[in-house]
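Here are a few friendly notes to read beside the model. Please keep the sequence and the 3D view open as you go.

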Amino acid sequence: MTSGTPLDLLTLADVEAARELLTGVAIRTPLITSRPLSEIAGVPVWLKCENQQRAGSYKVRGAYTRISRLSDGERSRGVVAASAGNHAQGVALAAGLLGTRATVFMPEGAPLPKVTATKGYGAAVEYAGSSVDDALEAAHEFAERTGAVLIHPFDHPDVIAGQGTVALEILEQCPEAATIVTAVGGGGLISGLAVAAKAVRPDIRIVGVQASGAAAYPPSLSAGAPRKLESCVTIADGIAVMRPGDLTFAHVAKLVDEIVTVTDEDLSAALLVMLERHKMVVEPAGAAAVAALLTGAYTPDQGPVVAILSGGNIDPMLLLRVIEHGLASAGRFLRLAVRCTDRPGQLARLLREIAEHRANVVDVNHSRQSPRLSFGEVEVALSVETRGPEHSSALISALRDAGYRVSLLAEATP
């Protein structure tokens with residue numbers, strides 16, 4: 001496909017046919033109300049929990065649809081895919097169900113749980129490059145060399161049709177939905193959503209959310225054709241795609257109402273809200289729609305709004321870092337550098353001062369050796385949990401009033 005060639009858009013019939021194929025394979029994921037998001041947005045907000053789908057994301061819908069339509073001869077040659085994790089697991093699961101071999105190329109540094117899960121579903125994993133685009137190039141080369149059929153992560157009619165079945169479920173679960181908001185990487189999910197939802201409800205709005213460090217759609221839409229980013233940096237590996245697909249771009253340009261962006265800090269805060277308020281594990285990409293509503297990157301005019309939680313496959317180590325980052329972004333986690341005189345009892349006095357203000361010390365590092373310290377002075381680096389920005393500000397002010405030299409650790413000069 002080339003961007004200069006007119007491309008046929010899918011129809012509702014394509015998505016409905018995919019749904020028939022997926023009967024008994026993809027589960028009908030829950031649609032739950034979100035009180036905190038409804039209060040922030042000012043309209044009813046519902047969450048479509050594709051993080052609870054088989055293999056942890058919506059990706060199995062498109063992968064199974066694509067592989068199930070291969071001929072016996074094509075399946076005998078095996079399939080190959082490229083993915084940072086979710087498409088990998090979807091392809092591995094679908095290939096196993098349909099009795100074909102799967103080889104998946106993943107970027108170096110792909111989250112270990114996603115690699116392990118992909119292997120667990122029976123796929124062979126190879127590493128290539130540092131991005132999904134690099135892995136996709138390697139997958140293309142493998143397909144040409146071996147005859148394996150490439151299962152593209154987003155830019156194929158069958159994949160788009162399979163992903164579009166999410167919209168059919170949403171409109172059955174919430175017929176009055178005014179807007180559907182979803183994360184966008186290459187554009188397979190939002191393309192399928194737009195095809196199905198707009199066919200059933202032409203008045204419904206479809207809004208996409210990209211990570212600001214991997215936002216290829218805004219410049220592509222401005223240019224009128226897919227454009228590749230020079231770099232792609234975000235914690236949301238599930239949507240870290242440097243170039244829209246030709247077919248998905250055609251759908252987004254024609255059917256999607258708006259594309260907005262959120263920062264990694266926004267994604268961290270959204271993930272924290274999902275954990276605290278909904279007791280739900282969502283990966284950064286899966287929380288993009290929530291982040292857009294939390295931050296006002298998208299402000300709905302009317303509701304109900306359905307936000308899709310597109311995936312829940314997150315590396316536990318990343319989860320720990322994201323939680324800390326989210327707490328810091330929300331003003332509930334401080335890293336402080338406190339200077340005081342090097343006298344017996346000073347550390348105990350400092351900790352007592354913090355305790356009196358109902359803050360919780362997570363860790364302490366006591367140093368006398370820093371070259372920035374004066375003779376007879378020590379620096380105490382602390383991680384402190386607080387109840388929010390006001391509490392944090394009050395604590396810092398109280399410490400300074402008590403005679404301590406306090407700075408946020410990021411501001412401490414070497």
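1. A word on the basis. This is a predicted model, where local features need pLDDT of at least 70 and side-chain atom pairs count only at pLDDT 80 or more, while totals for chains, interfaces and linings use all residues. Residues are numbered from 1 along each chain as its sequence is written, and side-chain values use heavy atoms, with hydrogens and water left out.

2. Cysteines. You will find zero disulfides here (a disulfide is a pair of cysteine sulfur atoms within 2.5 Å). For Cys49, the closest cysteine sulfur is that of Cys174, and at 13 Å this is too far for a bond. Cys49 counts as buried because its relative accessibility is 1%, whereas Cys232, at 22%, counts as partly exposed. Buried means under 20% relative accessible area, exposed over 50% and partly exposed in between, with a 1.4 Å probe and protein chains only.

3. Helix α3. How many residues of α3 (residues 59-68) are buried? The count is 10 of 10, including Lys59, Arg61 and Arg66. Helices are DSSP runs of H or I with at least four residues, and strands are runs of E with at least two, numbered from the N terminus. Among the elements covering the buried residues of α3 are α1 (12-22), α5 (86-98) and β3 (79-82).

Definitions and conventions: Contact = heavy atoms within 4.5 Å.
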